[in-house]
Amino acid sequence: MSETDLYIGLMSGTSMDALDAILVGFSRKATFSFNVICHHTQSIDPDLKRALIALNAPGVDDLSRYACLDRHFGELSATAVNQLCAKAGVLSTEIKAIGSHGQTVRHAPNHRPAYTLQLGDPNTIAELTGITTVADFRRRDIAAGGQGAPLVPAFHAEAFRSPDVNRLIVNIGGISNISVLPADLQQPVTGWDIGPGNVLMDAWCMKHLGHEFDNNGEWASTDEVSPALLDTLLNDAFFNTPAPKSTGRDYFNEHWLPEKLSLIQQPHLTPASVQRTLLQLTAQTIASDCIQAIQQLDSHSLVPEIFVCGGGAKNQLLMQTLASLLPQFNVNTTDSFGLSPQLVEATAFAWLAYRTMMGLTGNLPEVTGAHSARILGGIYPA
Ligand SMILES: Nc1ncnc2c1ncn2[C@@H]1O[C@H](COP(=O)(O)OP(=O)(O)OP(=O)(O)O)[C@@H](O)[C@H]1O
Ligand SMILES: [Mg+2]
């Protein structure tokens, strides 16, 4: 009999670059361990991506558009799962459950009432895959008074925490977020959203070059940072808001940058200089939150290790810039643990499904601000 339980994680984040599907085995032994068995990247066709981005802002007939996209994204999620199973050579009956994050179309944790909304109908996923589906992880945390995000620090702690060294995990997806993993196991794990990771760079690159993203920051590297624009961007209130905090396209959207550009008196900024400045913003906000996190650690004399995950880890200029802002630390990627940066978040949602199926809590109140830990998500049986 196999000693692991198989779970599938599905993640499509703020970038909407793709839907990542991962097959993970969780050990049944008392000591936690997992292994990644197979992964599949499901493309999201440009029309669907456009429709999903459009739904992030109020528009005409939102309810019908929501209902249709909920089914469409559920179907796409099921396709991703079925392709993953075929690639791995496993049967649906061998999988305990799918953990589906869904596509966020609204995230307003500071609205009253607070709300967050991920679409990708789990009924459709369960029906088309024959696999029990766990979904809607964030809303229970919101109902318990939390931000509903970030949820990944709990997984980062389970997978990457060490009693010997303080560690920071920085995920650079559409939005960037940090997990602070103290070596002292008496200290709580903390974490929060830092700000825009790739989302603003991607949007600017699409607007001016028609490309989904700036490969390795090559376009950004052709020009200089604008100090005036950078100062204006860094002055945004979100960066100085204390944790718990989380954000998304509701805030860092197509209107955010033009509003900031209108505040500066510099008519001669080239699009490439704006791109370089956006990259600097991502790197600088991450570096300053890393330093802040380290100062909060009781044993900050232990030089922490910093590991980056998410698609931003592949952007060489971004990684070089980040390393140059944190010269006293080693900045690596989660490849150091044998887990590719692009797979970490999907693995986290396989793990969250595993937690829910085992009747275990998934959120960290110290991270999200929830009243206490909760079992997250709804279970849609096979
Ligand atoms: N070679 C590369 N050069 C530059 N940027 C890259 C490269 N590869 C990936 N990226 C960036 O990574 C992004 C995708 O990252 P990821 O999948 O982690 O984000 P996400 O789906 O929004 O996740 P999250 O939920 O964490 O926000 C792409 O949109 C792109 O901006
Ligand atoms: Mg992605």
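Which side chain meets that of Arg 50 in a salt bridge? The side chain of Asp 47 does, with N to O at 2.7 Å, a salt bridge being a side-chain nitrogen of Lys or Arg within 4 Å of a carboxyl oxygen of Asp or Glu. This is a predicted model, in which local features need pLDDT of at least 70 and side-chain atom pairs count only at pLDDT 80 or more, while totals for chains, interfaces and linings use all residues. Residues are numbered from 1 along each chain as its sequence is written, and side-chain values use heavy atoms, with hydrogens and water left out.

Both Arg 50 and Asp 47 belong to helix H1 (residues 46-54), 3 residues apart, about one turn of the helix; helices (H or I, at least four residues) and strands (E, at least two) are DSSP runs, numbered from the N terminus. Arg 50 is exposed at 55% relative accessible area, and Asp 47 is exposed at 53%, where buried means under 20%, exposed over 50%, and partly exposed in between (1.4 Å probe, protein chains only).

In helix H2 (residues 62-88), Arg 65 and Asp 62 are likewise 3 residues apart, and they form a salt bridge whose closest N and O atoms are 2.7 Å apart.

Asp 5 is buried at 10% relative accessibility, whereas Arg 28 is partly exposed at 41%. Across the whole structure, the search finds 12 salt bridges.

Definitions and conventions. Chains are lettered from A and ligands numbered from 1 in the order in which they are written.
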